[in-house]
Amino acid sequence: MRVDFYEFGRITVEGKNYTHDLVILPDRIVSPWWRLEGHEVSLKDLEIVWEEKTTYLVIGTGAYGMMRVAEEVKKKTAELGIHLIVRKTAEAVKIYNQYEPTKQVIGAFHLTC
């Protein structure tokens, strides 16, 4: 599922607009994507990712990069052989779209700060 557009607080995926954080899986979108702590991504926040087989996990940390990724997430992706890419959301969307044709990428995007 290709991301068509992103700006602070809004993302368009396959022609549909979203105004809440989301996770894009190869076959579906989970929105809103709520985290236990709003500006940190923990293992529990990515349970839907661990259930999937993927090569890449792209995390968008917000327009200003305010969301942190916990060390435990970095360790888990390494253990599973998943390439973790963490960037501000605008850049993360571009990277996600580069890998999207492979259908081996999951994107988790924080849309605001």
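Mentor: What follows takes the labels in turn, from the overall fold to single side chains.

Mentor: This is a predicted model, in which local features need pLDDT of at least 70 and side-chain atom pairs count only at pLDDT 80 or more, while totals for chains, interfaces and linings use all residues. Residues are numbered from 1 along each chain as its sequence is written, and side-chain values use heavy atoms, with hydrogens and water left out.

Trainee: How many helices and strands does the protein chain have, and in what pattern do they follow each other?

Mentor: The protein chain has 3 helices and 10 strands, where helices (H or I, at least four residues) and strands (E, at least two) are DSSP runs numbered from the N terminus. Along the sequence they run β-β-β-β-β-β-α-β-β-α-β-α-β.

Trainee: How do you know whether the radius of gyration of the protein chain agrees or disagrees with that of a compact globule?

Mentor: The radius of gyration is taken over C-alpha atoms, and the globule rule is 2.2 Å times the number of residues to the power 0.38. For 113 residues a compact globule would have a radius near 13 Å, and the protein chain has 12 Å, so the two agree. Along the principal axes, the C-alpha atoms fill a box of roughly 35 × 30 × 20 Å. Taking contact to mean heavy atoms within 4.5 Å, residues 24 or more positions apart account for 67% of the contacts in the protein chain with a separation of 6 or more.

Trainee: What makes a residue such as Y96 count as buried or exposed?

Mentor: Buried means under 20% relative accessible area, exposed over 50%, and partly exposed in between (1.4 Å probe, protein chains only). Y96 has 1% relative accessibility and therefore counts as buried, and F109, at 0%, counts as buried too. Of the 113 residues of the protein chain, 44% count as buried.

Trainee: Which residues touch the most other members of the largest nonpolar core, and what makes a set of residues a core?

Mentor: A nonpolar core is a set of buried Ala, Val, Leu, Ile, Met, Phe, Trp, Tyr and Cys residues joined through side-chain atoms within 4.5 Å. The largest one has 17 residues, of which V3, I11, I24, V58, Y96 and F109 touch the most other members. Two or more residues come from each of β1 (3-7), β2 (10-13), β4 (22-24), β7 (56-60), α3 (89-99) and β10 (105-109), and α3 gives the most, with 4 residues. Beyond its neighbours within four places in sequence, V3 is in contact with I11, T12, V13, I24, V93, Y96 and N97. A second, separate core of 16 residues includes V49, L57, V73 and I106.

Trainee: Why is the pair of F8 and Y64 called tilted?

Mentor: Rings of Phe, Tyr and Trp (its six-membered ring) pair if their centres lie within 6.5 Å, and planes under 30 degrees apart count as stacked, over 60 as edge-to-face and the rest as tilted. There are 3 aromatic pairs by this rule. The rings of F8 and Y64 are 6.0 Å apart centre to centre, with 45° between the planes, and form a tilted pair. F8 lies in the loop between β1 and β2 and Y64 in the loop between β7 and β8 (68-69), so the pair ties together parts 56 residues apart in sequence. F8, at 47%, counts as partly exposed, whereas Y64, at 57%, counts as exposed.

Trainee: What is the pair of Y96 and F109 called, and why?

Mentor: The ring centres of Y96 and F109 are 5.8 Å apart and their planes stand at 90°, so this pair is edge-to-face. The pair links helix α3, which holds Y96, with strand β10, which holds F109, across 13 residues.

Trainee: How do you know that R10 and E7 meet in a salt bridge?

Mentor: A salt bridge is a side-chain nitrogen of Lys or Arg within 4 Å of a carboxyl oxygen of Asp or Glu. R10 and E7 meet the rule at 3.3 Å, N to O, and the structure holds 9 salt bridges. R10, at 28%, is partly exposed, as E7 is at 36%. R28 and D27 form another, with their closest N and O atoms 3.2 Å apart, and D27, R28 and E52 are linked in a network of salt bridges.

Trainee: What makes the charged end of R35 sit over the ring of W33?

Mentor: A charge sits over a ring if NZ of Lys or CZ of Arg is within 6 Å of the ring centre and within 35 degrees of the ring normal. The charged end of R35 sits over the ring of W33, 4.6 Å from its centre, and that of K76 sits over the ring of W50 at 5.7 Å.
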